[in-house]
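Please keep the sequence and the three-dimensional model side by side while you read.

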Amino acid sequence: MGVLLEPIVAIRGDEPAVIDERSVTGWRALDEHVTRLAHALLDRGVSEGDSVVALLGNQLELVELSLACGTIGCVLVPLNWHWVAPEVAYVLADADARALVVDERFLEVAAIALDERPVGVRIVVGGPVGDFEAWDALLASGSTDPLVSPVKGGPMFYTSGTTGHPKGVRSALTAVGGPPEMLTLMAHSIGATIDVPPVAGGDVDPRVQLVCGPMYHSAQWVFGVFALLCGATVVLQHRFDAEGVLDLVD
């Protein structure tokens, strides 16, 4: 069991945790994926304080990567998937990226950026492709044993770069160190504000949270990941579409 999801798994078991455009993942499976991913990243030399850059859409893998980084003391850097290669390369350098995780939809841009600023650990969702390791193989290689010394990590978001280069914004979320449960504490502290009361705190009917804004933005990331840490089922729409939202509500 992972430290962040164990209390929710005990309550919700195999009920849906994350629903995206490709799959439905239950709480128990999500917890296993996060544990495997954390071990797999450590096995590839990613360590506490390192930056892990994610060029991913609103998808299961971004949630899993967020939670894994949050338990091994890494700084997750979600990138705007609208960016072109020079912008991606700039952030890879500025954040001193140790690893890059990219969805196959954005692989061409990532490959060009890596020519300018190489990164040692390269992972693709939907691979393998070239020198990118496949996400599924990465997960399969990771242990399911509990982490020996979990450490809180968190996300760092970059500005849009309207008046110059994008700038990484550090906050309490980004701070590395201490127990990962600090992320749960943060999530529970705003649960009432976003109408997602923590299920682990009592007999509360679990909410379903739809996230249709891009999770490379801090607000949408919080509304997704923090809702999840309160025990809500999170439904992810990659790109907002009004008719699609109505279909998802139905």
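A residue is called buried when its relative accessible area is under 20%, exposed when it is over 50%, and partly exposed in between, using a 1.4 Å probe and protein chains only. What you see is a predicted model, in which local features need pLDDT of at least 70 and side-chain atom pairs count only at pLDDT 80 or more, while totals for chains, interfaces and linings use all residues. Residues are numbered from 1 along each chain as its sequence is written, and side-chain values use heavy atoms, with hydrogens and water left out.

Begin with two aromatic residues, W81 and Y216, both of which are buried. Rings of Phe, Tyr and Trp (for Trp, its six-membered ring) form a pair if their centres lie within 6.5 Å, and the pair is stacked when the planes are under 30 degrees apart, edge-to-face when they are over 60, and tilted for the rest. By this rule there are four aromatic pairs. In one of them, the ring centres of W81 and Y216 are 6.3 Å apart and the planes stand at 80 degrees, so this pair is edge-to-face. W81 belongs to the loop between β4 and α4, whereas Y216 belongs to the loop between β11 (208–211) and α8 (218–229), so the pair ties together parts that are 135 residues apart in sequence. Together with F106, these two residues form one aromatic cluster.

Which residues of helix α4 (residues 85–94) are buried? They are A85, V88, A89, V91 and L92. These residues cover an arc of only 165 degrees around the axis, which puts them on the same side of α4; the arc is that of the directions from the helix axis to the C-beta atoms. An α-helix has 3.6 residues a turn, so residues three or four places apart point the same way. Counting a contact as heavy atoms within 4.5 Å, the buried residues of α4 pack against β3 (51–55), β4 (75–78), β5 (97–103), α5 (107–116) and β9 (157–158).

After α4 comes D96, which lies in the loop between α4 and β5. D195 is partly exposed, with a relative accessible area of 48%.

Helix α7 itself has L183, T184, M186, A187 and G191 as its buried residues. Seen down the axis of α7, these fall within an arc of 160 degrees, so they line one face of the helix. On the other side of α7, L185 and S189 are exposed, while the buried residues pack against α3 and α8.

On a 1 Å grid over the protein atoms alone, a cavity is a set of points where a 1.4 Å probe fits but cannot get out, a pocket is an open set with protein on both sides within 12 Å along at least five of seven lines, and lining residues have an atom within 4 Å of a point. Grid points are joined across faces, edges and corners, and a volume is the space filled by probe spheres set on the points.

How many cavities of 30 Å³ or more does this rule give? The count comes to one, and the largest cavity has a volume of about 70 Å³. It is lined by 13 residues, of which S66, G154, P155, L183 and W221 are the closest to its centre. The elements that give two or more residues to this lining are α3 (60–72), β8 (154–155) and α8.

The largest pocket holds about 250 Å³ of space. Its lining has 16 residues, and those nearest its centre are F157, Y158, Y216, H217 and S218.

How values were computed
Helices (H or I, at least four residues) and strands (E, at least two) are DSSP runs, numbered from the N terminus.
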